[in-house]
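Me: I've got a model open here and want to talk it through. Can you walk me around it?
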Amino acid sequence: MIRLSRASWAAAFVLLAACSDGPSPPPPIKGGPVRLVLQAPQFDIGAVMIRVNGPVDSVTAPTGYVMSRAPVGVSAQRIVVAGNIANGDLVTLWIPDLEQVGIYSTFVEQAASRLTYALYDPSGFSLLLVK
């Protein structure tokens with residue numbers, strides 16, 4: 001019968017531990033859509049210009065709305081939406097990491113009436129990001 005010394009046991013343990021897979025890798029980053037929901041005090045909105053701070057892959061607007069966007073700096077977007085705008089879903093933002101939705105900030109920069117083209121005070125408007 002062969003007796004192993006403590007050093008041999010320690011070496012065997014270290015070799016066995018080195019062969020293990022180690023800690024599991026982090027889960028993959030999952031991007032996807034988030035809805036930008038508008039709450040406005042007026043009922044006759046024809047156009048809204050919003051700003052989104054945070055990385056955005058793409059933007060889509062619901063049927064019936066016309067939308068255009070332009071980058072502002074490295075990680076912000078200015079988005080203009082026109083049409084018969086009502087409270088509710090304004091656009092869908094496609095973002096690279098859904099777990100980071102909390103770092104985004106959004107606000108209305110300008111809004112106008114579809115009847116008179118008069119500008120509204122944007123401070124009464126609110127936007128909410130919804131996964």
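Me: Let's pick a spot. Where does Gly64 sit?
Reply: This is a predicted model, to be clear. Gly64 is in the loop that links strand S3 (58-60) with strand S4 (66-71).

Me: Buried or exposed, that Gly64?
Reply: Gly64 counts as exposed, because its relative accessibility is 62% and the cut-off for exposed is over 50%.

Me: And which residues does Gly64 touch, leaving out those up to four places away in sequence?
Reply: Ala82 and Gly83. Ala82 is 18 residues from Gly64 in sequence, and their C-alpha atoms are 8.8 Å apart.

Me: OK, switching to the core. Which residues in the largest nonpolar core touch the most other members?
Reply: Leu38, Val48, Ile50, Leu90, Val91 and Leu93, out of 26 residues in that core. As for where the core comes from, the elements giving two or more residues to it are strands S1 (32-39), S2 (45-53), S5 (76-85), S6 (88-95) and S7 (105-113).

Me: Why would nonpolar side chains be found together like that?
Reply: As a general point, nonpolar side chains tend to be buried together in soluble globular proteins.

Me: Take Leu38, then. What is Leu38 in contact with, beyond its neighbours within four places?
Reply: Val48, Ile85, Ala86, Asn87, Gly88, Leu90, Val108, Phe125, Ser126 and Leu127. Val48 and Leu90 also turn up with Leu38 among the core residues that touch the most other members.

Me: Now the strand pairing. How many bridges join S1 to S6?
Reply: 7, and the two strands run antiparallel. For a landmark, look at Gly32, which stands opposite Ile95 in S6.

Me: What about S1 and S9?
Reply: S1 pairs with S9 (residues 126-130) over 5 bridges, again in the antiparallel sense. Over there, Arg35 has Val130 of S9 as its bridge partner.

Me: And S2, how many bridges join it to S7?
Reply: 8 bridges, with S2 and S7 running antiparallel.

Me: What's in the hairpin of S7 and S8?
Reply: There are 5 residues between the strands, and Tyr117 in this hairpin takes a positive phi near 65°.

Technical notes:
Residues numbered from 1 in each chain as written. Predicted model: local features only at pLDDT ≥ 70, side-chain atom pairs only at ≥ 80, totals over all residues. Heavy atoms only, no water. Core = buried A, V, L, I, M, F, W, Y, C linked by side-chain atoms within 4.5 Å. Buried < 20%, exposed > 50% of the residue type's maximum accessible area, 1.4 Å probe, protein only. Helix = DSSP H or I, 4+ residues; strand = E, 2+ residues; numbered from the N terminus. Contact = heavy atoms within 4.5 Å. Pairing = 2+ DSSP bridges.
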